Amino acid sequence: MYNTSTNKQVIYSLDSLSDSLYDLLRKKSFNDISITELCQNCNITRKTFYRNCDDLYDLIDYSIDHHMTSALESVSWYHSPAQEIVSSFFKYWEDKKDLLSLLYAKGLFPHFKTRLIKIVSNYMAYQRMTAPSVKGDEALREYYDSFLFGGFLQMMEAWIVHNYALSAEEISEVYMIFKQGRQYR
């Protein structure tokens, strides 16, 4: 688990390490990056790395979690309509598509999806507690949420594969149309 302290030095170290990791990922595979090389690339000691992370996957977790927080900071996660949340998320990643494409190209997209599932599952659990039941059957709510979120993840992956052919606004609109059970155009 990465260091979750809000201390400025901790955040600086994690951000520097994260930037260094992405710099190295542009040149080589994830499995070929050593912690020594990573630390040398950003002038941070191995001791500092291990004080803040257990391994490179912890650093990826930190980076993804940081980006997810940034992607959704413009909306109230628990009080905004789903369309606003989806739109905010896609707009953020449209601006960061080089990073998202890099994660995909280096085989780290499954890890990205796992982190996203962890974050969104908290939101969905909250929604299940506060939202009206699905067509009167609360037992189906978790399945409904899983269906919607699975579709969201697959749409996001298709968006990357198709080199962001639709804008963030268009892909958000398509998702909401599908979510509402309507046909697209």
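**Note on an all-helix predicted model**

1. Tyrosine 2 sits in the segment before α1, where helices (H or I, at least four residues) and strands (E, at least two) are DSSP runs numbered from the N terminus. With 13% relative accessibility, tyrosine 2 counts as buried, a label that means under 20% relative accessible area, with exposed meaning over 50% and partly exposed lying in between (1.4 Å probe, protein chains only). Setting aside residues up to four places away in sequence, tyrosine 2 touches Asn52, Cys53, Asp58, Asp61, Tyr62, Asp65 and Arg115, contact being defined as heavy atoms within 4.5 Å. Tyrosine 2 and leucine 59 are 57 residues apart in sequence, yet their C-alpha atoms are 6.8 Å apart in space.

2. On the basis of the values: this is a predicted model, in which local features need pLDDT of at least 70 and side-chain atom pairs count only at pLDDT 80 or more, while totals for chains, interfaces and linings use all residues. Residues are numbered from 1 along each chain as its sequence is written, and side-chain values use heavy atoms, with hydrogens and water left out.

3. Of its 185 residues, 44% count as buried. Among contacts between residues at least 6 apart in sequence, 61% join residues at least 24 apart.

4. Helix α2 (residues 35-42) has Ile35, Leu38, Cys39 and Cys42 buried. These residues cover an arc of only 95 degrees around the axis, which puts them on the same side of α2; the arc is that of the directions from the helix axis to the C-beta atoms. An α-helix has 3.6 residues a turn, so residues three or four places apart point the same way. The cover over the buried residues of α2 includes α1 (8-25), α3 (46-52) and α4 (56-72).

5. The largest nonpolar core has 55 residues, and those with the most contacts inside it are Leu38, Phe49, Phe89, Trp93, Phe112 and Leu116; such a core is a set of buried Ala, Val, Leu, Ile, Met, Phe, Trp, Tyr and Cys residues joined through side-chain atoms within 4.5 Å. At least two residues of this core come from each of α1, α2, α4, α5 (82-95), α6 (97-105), α7, α8 (141-161) and α9 (168-179). For leucine 38, the contacts beyond four places in sequence are Leu17, Ser20, Leu21, Leu24, Ile33, Phe49, Leu56 and Leu59.

6. Phenylalanine 152 lies in helix α8 and, at 6% relative accessibility, counts as buried. Not counting residues up to four places away in sequence, phenylalanine 152 touches Val86, Phe89, Phe90, Leu116 and Tyr175. The C-alpha atoms of phenylalanine 152 and methionine 176, which are 24 residues apart along the chain, are separated by 9.8 Å.

7. Leaving aside neighbours within four places in sequence, lysine 113 is in contact with Leu153, Gln154 and Glu157.

8. Asparagine 43, in the loop between α2 and α3, has a phi near 55 degrees, a positive value in a residue other than glycine, and at 74% relative accessibility it counts as exposed. Tyrosine 164, in the loop between α8 and α9, likewise has a positive phi of about 55 degrees although it is not a glycine, but at 8% relative accessibility tyrosine 164 counts as buried.

9. The second largest pocket holds about 220 Å³ of space. On a 1 Å grid over the protein atoms alone, a cavity is a set of points where a 1.4 Å probe fits but cannot get out, whereas a pocket is an open set with protein on both sides within 12 Å along at least five of seven lines, and lining residues have an atom within 4 Å of a point. Grid points are joined across faces, edges and corners, and the volume is the space filled by probe spheres set on the points. The lining has 12 residues, of which Asp65, Met68, Thr69, Ile119 and Asn122 lie nearest the centre of the pocket. Helices α4 and α7 (109-130) each supply at least two residues of this lining.

10. By class, the lining of the second largest pocket has 6 nonpolar, 2 polar and 4 charged residues, where Ala, Val, Leu, Ile, Met, Phe, Trp, Tyr, Cys and Pro count as nonpolar, Asp, Glu, Lys and Arg as charged, and the others, Gly among them, as polar.
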